[in-house]
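Subject: Structure handover, aromatic rings

Hello,

Here is the structure for your files. My notes on its aromatic rings follow below.

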Amino acid sequence: MSTQGERVGPGLPAGPPVRWRTAMERALYGPGGFYVRPGGPGPAGHFRTSVHASPLYAGAVARLLLWVDAELGHPQGLDLVDVGAGRGELLSGVLAALPAEVAARVRPYGVERADRPEGLDGRIRWVAQVPQGTRGLLFANEWLDNVPLEIAEDGRYVLVARDGSESTGEPVQGADLAWLERWWPGPGRVEIGRARDEAWAGAVARVERGLAVAVDYAHVRGARPPYGTLTGFRAGREVAPVPDGSCDVTAHVALDACAGPGAALLTQREALGALGVAGARPPLALASTDPAAYVRALASAGEAAELTARGGLGDFGWLVQPVGVGSWPGAAGGA
C-alpha cells in the first residue's frame, strides 16, 4: 500500500483512503485527472465505444434526431446535445449524416468537463452543462458509467487509497441506504447508483421538449451482478480500477433506477434495429454485378454486426425518455 506523501499514477500525490465516489471524482476530473488532462488521444485512445466502432452509429443517431425534428414540427432551431462528448466525434458524425436542410437548423452542443478539442467543427458549441431549455435530442453515450458513485460491501462503505487498496468504512445510511433498499437489496458488494440517478434527472430537467437518451453498460433490479462491475481501462486494455488518474474508472449503470415517467428501456440491438442498422450480409449476386458495392455492403454489415452483437455492444442498455413529445416508436419493443 502507498504511504501518505508518496506520488502515484501520473504525478498525483497519495493520501488517506476515501470513499470511492470521492476517489473517482478526483481521479477522473480533478487536477491532472484522466478525462481533463490536456493533449493525448482522449477517451478513444483507451477504449472503444459504439461511436468509434462505425459511422453507422452516428447515422442511426441522425435518424433519431430526424424523428425528434418531426415531433417538434421542424423548428428553426433544433438542439443536439451530446453529454460526455469526448472529442466531439459523435456530433461531427451526426452533422455529416444529416440532410443539409436539417443540419443547417441544428444547434450542436458538446457537454464536457475537458477543454474544447483543437480543430473541432466551428458549429459545435462546447459547454460545461446541458443548456437550459433544450429543444431537440439529448444523447448521452457512455456518460453515466463515469459519473462517480459509492461502493459498499455488507452494509458498509468501501474506502480506497490512490494505489487502489481498499478498506472498510462507516455503515451506509441516509439516502444511500434508501437507494440500496429499493434498487440493490441484499448483502455483498454493491454499487450505489444514486449519483447517476441525480445526474440523469438533472440533465433531463434541462430539456424543455424533445427526447433524452442514455446509452451504457447496464443492469436491472433482479439481475444485478453479485460482485459489482467496477473496473478500469487503459490503452485499450481492461486494468485494475486504480483511482490515481492513470486510467479510466467505470462501473455499469442501473438504468432502471435512472428511468423517469414514460421512459423505455431496451437493448442497443433493439434500438439500432429500429433505426435501420442490421448486420445482414449483402446478396452474393451483388459480388458479380457490382463488386465494389458488394465490398462496401459487406464492410457495412460487419460494422452493423459489431454494433448489435449479443454479448457485446448489442447488449448495451438504451434509456429513452420523452419530454413533451410522443413515445419513440422504436422503443415499443423494449422492456
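In this predicted model, the charged end of R224 is placed over the ring of W184, at 5.9 Å from its centre. A second case of this kind involves R19, which lies over the face of Y157, 3.7 Å from the ring centre.

Next, the rings that pair with each other. A pair of aromatic rings is described by how far apart the centres are and by the angle between the planes. With centres required to lie within 6.5 Å, the count is six aromatic pairs. One of them is Y29 with Y35: the ring centres are 5.8 Å apart and the planes meet at 20°, so this pair is stacked, since the cut-off for stacking is under 30 degrees. Y29 counts as buried because its relative accessibility is 16%, and Y35 counts as buried at 11%; the limit for buried is under 20%. Y29 and Y35 also belong to one aromatic cluster with F34.

Another pair is F139 and W318. Their ring centres are 5.6 Å apart and their planes stand at 75°, so the pair is edge-to-face, a label that applies over 60 degrees. F139 is in strand 7 (residues 134-141) and W318 is in strand 17 (residues 317-323), so the pair ties together parts that are 179 residues apart in sequence. F139 has 1% relative accessibility and therefore counts as buried. W318 is buried as well, with a relative accessible area of 0%.

Regards

Technical notes:
Residues are numbered from 1 along each chain as its sequence is written. This is a predicted model: local features need pLDDT of at least 70, side-chain atom pairs count only at pLDDT 80 or more; totals for chains, interfaces and linings use all residues. Side-chain values use heavy atoms; hydrogens and water are left out. Buried means under 20% relative accessible area, exposed over 50%, partly exposed in between (1.4 Å probe, protein chains only). Helices (H or I, at least four residues) and strands (E, at least two) are DSSP runs, numbered from the N terminus. A charge sits over a ring if NZ of Lys or CZ of Arg is within 6 Å of the ring centre and within 35 degrees of the ring normal.
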